[in-house]
Amino acid sequence: MAEENPIPRLLAIDDSELIHRLLETRLQGERLELHGATSSEDGLKKSKSLKPEVILLDIALDGMNGFELLEKLKEDPETRNIAVIFISATGEPMDRVKGLDMGAIDFIAKPFDSFELKARVRSALRTQHLVKLLEQRAQLDGLTGLWNRRYFDQRMIQEISEAKRHSRPLSLVLCDIDRFKRLNDQFGHPFGDLVLEKVAQILSGGRTSDIACRYGGEEFALILSSTNISMGHEVAERLRMAIESIVWPGNPDLVVTASFGICDTQNLFEDITPETMLKNADSALYKAKQSGRNRVESARSSAKSTPAEKNKSSNK
Amino acid sequence: MINEEHKNLRTKAPIVSDYLNDQGMAKIINIFLDEIPKRIAALQVFFNEDNRDEFCKMIHQLKGAGGGYGFTIITRTALGIEKKLRIPKKEWKEEIQKNFEDFIAILQRVHAGKDVSGDT
């Protein structure tokens with residue numbers, strides 16, 4: 001679940017080429033990718049497309065000044081968490097106060113000392129890194145390490161929006177461990193936790209693009225981008241078989257199974273929302289449970305269901 | 001002190017960058033020096049054409065950048081002009097005439113410093 005540590009991006013928004021050259025020279029050797037914009041409009045555009053970790057923002061810009069640009073950045077959920085450092089030749093203390101009160105994290109006076117500049121940029125990058133870690137931690141499930149329900153809700157909105165924009169398919173899989181309460185009662189809650197952890201490992205070990213979340217209790221959700229229902233059905237079926245094949249320490253004859261319900265965006269037309277998709281996937285999951293568990297059912301009638309045929313003793 | 005500084009501004013001695021020995025800065029300092037005649041010409045056009053906005057903008061940019069290139073005297077002199085320009089006056093040119101002349105003289109001395117430091 002841990003994300004890679006890419007080279008941080010820094011966007012300098014300043015109308016002076018002299019300053020851009022200076023920053024390029026003075027920040028050479030720092031672990032960062034420097035981008036530049038010479039107008040506030042270009043700066044705003046690049047802030048949205050690049051999503052830099054840090055912005056160095058001049059105050060005296062033509063058109064929108066630095067304060068107005070910061071206001072725009074803070075209004076937009078996509079850019080509001082970017083760390084903004086004002087870098088300005090203004091000698092007015094009230095400008096510094098105003099910038100910091102508006103949400104800038106620091107202020108560098110021009111002309112700047114190169115060591116101070118680097119130290120302040122490094123400090124901002126460190127803070128940003130920690131903020132991101134905290135944000136990520138708040139979106140992870142403590143037991144399984146999967147994304148939690150809060151993240152799932154946000155991500156579904158994003159994925160549906162992307163699917164609509166690019167006219168590409170999107171599938172949603174709901175997975176529920178069969179007779180989980182019985183497992184807890186029979187083997188104890190620590191074993192129940194182990195089952196949740198193992199199932200989570202399998203669900204997160206599939207395709208790298210799949211987004212595995214703990215939806216709640218013993219229920220999991222998988223968001224499958226650019227995946228239609230038949231491809232999604234194959235993915236779910238592989239996961240179902242993998243769960244069924246887990247050998248449990250201390251209980252080698254035990255078979256834990258899970259049921260899956262899947263739906264995709266096809267036939268939903270303009271009615272594609274997280275709610276409709278969840279409703280459809282949940283109906284398919286219900287069908288899987290009603291049909292004997294340990295199977296994958298699709299919301300579309302054309303998709304085939306796959307009953308489990310195993311000789312091992314089952315927990316069903 | 002003020003008199004001494006004023007006297008120094010009036011000399012023609014070339015001015016070299018504080019970062020003369022900073023190899024990493026050599027390239028951009030040379031570009032900065034090469035562009036000085038162009039900036040002097042632009043400032044004079046803005047001044048003569050009463051284009052206060054563009055004049056202020058360039059003075060502000062040179063104030064912000066000068067020290068970064070090792071020419072604190074540019075920052076300091078530009079600041080003096082900027083302070084006078086803060087109060088909107090119709091006769092702004094008369095108000096800063098003297099400071100502007102000093103500033104141009106400084107830019108010329110900085111440009112002349114290129115021959116002293118050598119084109120690396």
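**Entry 1: two neighbouring helices**

I began with a helix pair in chain A, where A:Phe180, A:Leu183, A:Asn184 and A:Phe187 of α7(A) meet A:His189, A:Phe191, A:Gly192 and A:Val195 of α8(A). I call two residues in contact if their C-beta atoms, placed from the backbone, lie within 7 Å. Sorted by class, the residues of this contact are 5 nonpolar, 3 polar and no charged. (Nonpolar covers Ala, Val, Leu, Ile, Met, Phe, Trp, Tyr, Cys and Pro; charged covers Asp, Glu, Lys and Arg; the others, Gly among them, are polar.)

This is a predicted model, so I noted its rules: local features need pLDDT of at least 70, side-chain atom pairs count only at pLDDT 80 or more, and totals for chains, interfaces and linings use all residues. Residues are numbered from 1 along each chain as its sequence is written, while chains are lettered from A and ligands numbered from 1 in the order in which they are written.

Next I looked up the helix axes: those of α7 (residues 180-187) and α8 (residues 189-204) of chain A come within 6 Å and cross at roughly 135 degrees. That angle makes α7(A) oblique to α8(A). (Under 35 degrees is roughly parallel, over 145 roughly antiparallel, 65 to 115 roughly perpendicular, and the rest oblique. Axes are lines fitted to C-alpha atoms, for helices over the stretch in contact, with angles from 0 to 180 degrees between N-to-C directions.) My helices (H or I, at least four residues) and strands (E, at least two) are DSSP runs, numbered from the N terminus.

**Entry 2: strands and a loop**

I found β4 (residues 83-88) and β5 (residues 106-109) of chain A pairing in the parallel sense over 4 bridges; pairing needs at least two DSSP bridges. A:Ile87 stands opposite A:Ile108 in β5(A). A cis peptide bond joins A:Lys110 to A:Pro111, with omega about -5 degrees.

I stopped at A:Arg179, which has a positive phi of about 45 degrees although it is not a glycine. A:Arg179 sits in the loop between β6 (170-177) and α7 of chain A.

**Entry 3: where the chains touch**

I saw 15 residues from chain B and 12 residues from chain A in the contact. On the side of chain B that touches chain A, α4(B) gives the most, with 6 residues.

**Entry 4: confidence**

I checked pLDDT, the predictor's confidence in each residue, from 0 to 100. Chain A has a mean of 90, but pLDDT stays under 50 over residues 301-316 of chain A. Where pLDDT is low, the predicted coordinates should not be read in detail.
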